[in-house]
Amino acid sequence: MMKRPTIADLAQASGVSIATVNRILGGTGAVRAETIERVQNAAEEIGFYGRGVIEDRRQRLLPNYRFGFLLQQSSRELYRLFGSKITEAAARRQHEKVVAVVDFVDVLEPQNIADRLEALGKRCDAVAVIAGDHPLIGQTIQSLKERGKPVVAYITDQSARDRAGFVGTDNWKLGRTAAWFLAQTTPMPGRIAVFIGNHRYQCQDVSDASFRSYMREHAPHLQVDDSRPTHEEPNEAYRIVSQLLSELDDLRGIFIVGGGISGVLRALREAPVEKRDKVRVVCRDIGPETRKGLTEGLIMAALCHPLDQISDELIATMIAALEHRDSTTILQRVVPFETITPESV
């Protein structure tokens with residue numbers, strides 16, 4: 001019968017003194033978090049009986065953060081998915097305790113977003129925000145920084161010089177990749193429609209510009225129309241697509257840079273098959289509605305943020321911003337996007 005590991009065995013296995021192990025087990029005296037973690041790992045390896053006590057001591061010494069996340073439009077499944085993935089990422093942190101305060105803005109007026117950002121900043125140590133680029137929002141970012149509350153731009157960047165960082169994907173590559181899909185699958189001349197949510201979203205504006213850059217270079221047979229703003233409203237997207245399908249015989253593709261995918265899909269489902277089959281659709285990000293559109297063959301490709309990875313990166317960046325809050329460096333974290341097709345969904 002194997003002998004139960006002793007405190008002396010644990011001290012030897014973890015490379016610390018018996019007195020240090022006793023301080024950890026007794027909850028008395030200062031012990032560094034790294035030392036407690038080393039002792040905990042050794043306890044797991046040798047099967048030491050007091051593992052629960054060591055874990056409790058480690059948990060009590062972890063730094064605590066309260067992070068705010070200002071997302072958009074609670075009515076949209078995609079933003080609710082963003083929120084749930086952020087909450088999961090906060091729970092995965094092993095070396096900190098992170099409380100995620102997820103808030104949604106339904107009225108997308110810049111002053112309202114700025115007010116909500118200010119309110120969230122008062123309650124949290126740092127804030128992440130998805131919003132169009134606007135001076136009012138930039139002023140709030142500056143004000144929060146002056147009070148030691150760093151703000152990280154998420155998904156779409158801000159021009160505010162006082163932002164602490166940006167976490168998102170490479171939107172220039174994303175736009176050109178969308179153009180590649182449409183150019184490679186559309187040999188016949190025709191028109192391409194581009195939908196954006198709002199010109200103030202940097203991520204959409206950059207993707208729009210790079211999409212056109214590729215088309216000018218590689219697909220001169222396709223005419224790219226002026227971008228049509230949907231204001232992230234599915235009904236507006238539905239109205240525009242329905243009108244295009246009824247008036248045009250040469251609509252060959254749609255690039256949805258911003259919101260409105262459910263409205264686009266509704267219009268395509270209602271269209272005559274002979275018109276619908278001529279239109280190739282590429283969109284950004286994937287929620288339940290996009291997934292359905294892919295399985296139906298209505299969407300050729302979705303270029304998506306990898307939500308688990310980018311949520312982890314966002315929280316890590318917010319922690320880094322707090323640790324270096326006096327630095328003038330803007331942290332840039334670019335996460336490669338995923339490409340999802342009907343065959344990979």
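Me: Why are α6 and α7 called roughly parallel to each other?
Reply: In this predicted model, helix α6 (residues 110-123) and helix α7 (residues 135-146) pack at an angle of about 15 degrees. Angles under 35 degrees count as roughly parallel, and α6 and α7 are therefore roughly parallel to each other. Their axes are 8 Å apart, and the crossing is right-handed.

Me: What makes the contact of α6 with α7?
Reply: Contact means heavy atoms within 4.5 Å. On the α6 side the residues are P110, Q111, I113, A114, L117, E118 and G121; α7 contributes L136, I137, T140, I141, S143 and L144. They divide into 8 nonpolar, 4 polar and 1 charged. Gly counts among the polar residues, so G121 of α6 falls in that class.

Me: Which residues of α8 and α9 make the contact, and how do they divide into nonpolar, polar and charged?
Reply: From α8, the contact includes W172, L174, R176 and W180. From α9, it includes V206, F211, Y214, M215 and E217. The residues of this contact divide into 13 nonpolar, 7 polar and 2 charged. Arg and Glu count as charged, so R176 and E217 belong to the charged class.

Me: At what angle do α1 and α3 pack, and what is the handedness of the crossing?
Reply: Helix α1 (residues 7-14) and helix α3 (residues 33-46) pack at about 115 degrees, with their axes 9 Å apart. α1 passes α3 in a right-handed crossing. The contact is made by D9, L10, A13 and S14 of α1 and R38, V39, A42, A43 and I46 of α3. These residues divide into 6 nonpolar, 1 polar and 2 charged.

Me: How do you know that residues 5-48 carry the feature "domain: HTH lacI-type"?
Reply: That comes from UniProt, where the entry is unreviewed. In the model, residues 5-48 are 70% helix and 0% strand, and the end C-alpha atoms are 6 Å apart.

Me: What domains does the domain assignment give?
Reply: The assignment gives domain 1 (7-61), domain 2 (64-168 + 307-337) and domain 3 (171-304). The C-alpha centres of domain 1 and domain 2 lie 36 Å apart.

Technical notes: Residues numbered from 1 in each chain as written. Predicted model: local features only at pLDDT ≥ 70, side-chain atom pairs only at ≥ 80, totals over all residues. Heavy atoms only, no water. UniProt positions renumbered as here; feature names shortened; annotations may be inferred. Helix = DSSP H or I, 4+ residues; strand = E, 2+ residues; numbered from the N terminus. Domains from an automatic or database assignment. Axes fitted to C-alpha atoms, helices over the stretch in contact; angles between N-to-C directions. Left-handed = near helix turned anticlockwise from the far one by under 90°. Parallel < 35°, antiparallel > 145°, perpendicular 65-115°, else oblique.
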